[in-house]
Amino acid sequence: YELMSLKKPFSGNGMRELIDRVISGKFDPMPTHYSSSLVQLCASMLSVDPKGRPSIKQIFQNDAMRNGGLVTLLKNVPRLSGVPEETREAIVKDIELVLETQKREKEEREKAEAAGVAPPADKDEEDTKQ
């Protein structure tokens, strides 16, 4: 949420109001220029019920993240002045690793398809079958 809207998801006029908003899961709407799937993903991450929140693996597998969301995230992380620099750098490093892995997997699939060979199984698919 904060990376997308550049503000904290919960605010209030005093601690009591802040607590009430967090407990009830009430947060300001996301900026309208984001896709509905990305907004929906963000809302699920802020679910009051921890069981309703996606895992990091589910987040990265989400179509919104796979189709440009990580690139947008990568651009916004450095703008988060309220997040310690060390944390921002770690987030950027992790995103770059995921993007590089996705690029390599795509190249491998394309190479296999060009050679007429069945593409290697997607690691994420293998993990979900186990």
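This is a predicted model: local features need pLDDT of at least 70, side-chain atom pairs count only at pLDDT 80 or more; totals for chains, interfaces and linings use all residues.

**Charged pairs and their surroundings**

Arg21 and Glu17 are joined by a salt bridge between their side chains, with an N to O distance of 3.9 Å. The two residues sit 4 residues apart in helix 2, so about one helical turn separates them.

**Salt bridges**

- Side chains that carry opposite charges can pair when their charged atoms come close.
- In the pair of Arg21 and Glu17, Arg21 is partly exposed at 25% relative accessibility, and Glu17 is also partly exposed, with a relative accessible area of 31%.
- Another salt bridge links the side chains of Asp20 and Arg16, at 2.8 Å from N to O.
- Both Asp20 and Arg16 belong to helix 2, where they lie 4 residues apart, or about one turn of the helix.
- Asp20 is partly exposed, its relative accessible area being 37%, whereas Arg16 counts as exposed at 55% relative accessibility.
- Glu2 forms a salt bridge with Lys8, and the closest N and O atoms of this pair are 3.4 Å apart.
- Glu2 has a relative accessible area of 23% and is therefore partly exposed, while Lys8, at 52% relative accessibility, counts as exposed.

- Arg88 is found in helix 6, which spans residues 85-114.
- Leaving aside residues up to four places away in sequence, Arg88 touches Val77, Pro78, Leu80, Ser81 and Val83.

**Aromatic pairs**

- A pair of aromatic rings is described by two values, the distance of the centres and the angle of the planes.
- Tyr1 lies in the segment before helix 1 and Phe27 in the loop between helix 2 and helix 3 (36-45), so their pair ties together parts that are 26 residues apart in sequence.
- Tyr1 is buried, at 10% relative accessibility, whereas Phe27 is partly exposed, at 25%.
- Phe27 also forms an edge-to-face aromatic pair with Phe10, with 6.1 Å from centre to centre and 90 degrees between the planes.
- Because Phe10 is in the loop between helix 1 and helix 2 and Phe27 is in the loop between helix 2 and helix 3, this pair ties together parts that are 17 residues apart in sequence.
- Phe10 counts as buried, at 17% relative accessibility.
- Tyr1, Phe10 and Phe27 form one aromatic cluster.

**Nonpolar surface and a loop residue**

- Met15, Ile19 and Ile23 make a nonpolar surface patch of about 310 Å².
- Met15 is located in helix 2, which covers residues 15-24.
- Is Met15 buried or exposed? Met15 is exposed, with a relative accessible area of 59%.
- Leu6 is placed in the loop between helix 1 (2-5) and helix 2.
- The phi angle of Leu6 is near 60 degrees, a positive value in a residue other than glycine.
- Leu6 counts as partly exposed, at 39% relative accessibility.

**A distance across the model**

- Glu108 is found in helix 6 and is partly exposed, with a relative accessible area of 40%.
- Glu108 and Asp28 are 80 residues apart along the chain, and 42 Å separates their C-alpha atoms.

Definitions and conventions. Residues are numbered from 1 along each chain as its sequence is written. Side-chain values use heavy atoms; hydrogens and water are left out. Contact means heavy atoms within 4.5 Å. Patches are made of residues with over 30% relative accessible area and no salt bridge: like charges are joined within 9 Å, nonpolar side chains (Val, Leu, Ile, Met, Phe, Trp, Tyr) within 5 Å. Accessible areas come from the Shrake-Rupley method with a 1.4 Å probe; for residues, only the protein chains shown count as cover. A salt bridge is a side-chain nitrogen of Lys or Arg within 4 Å of a carboxyl oxygen of Asp or Glu. Buried means under 20% relative accessible area, exposed over 50%, partly exposed in between (1.4 Å probe, protein chains only). Rings of Phe, Tyr and Trp (its six-membered ring) pair if their centres lie within 6.5 Å; planes under 30 degrees apart count as stacked, over 60 as edge-to-face and the rest as tilted.
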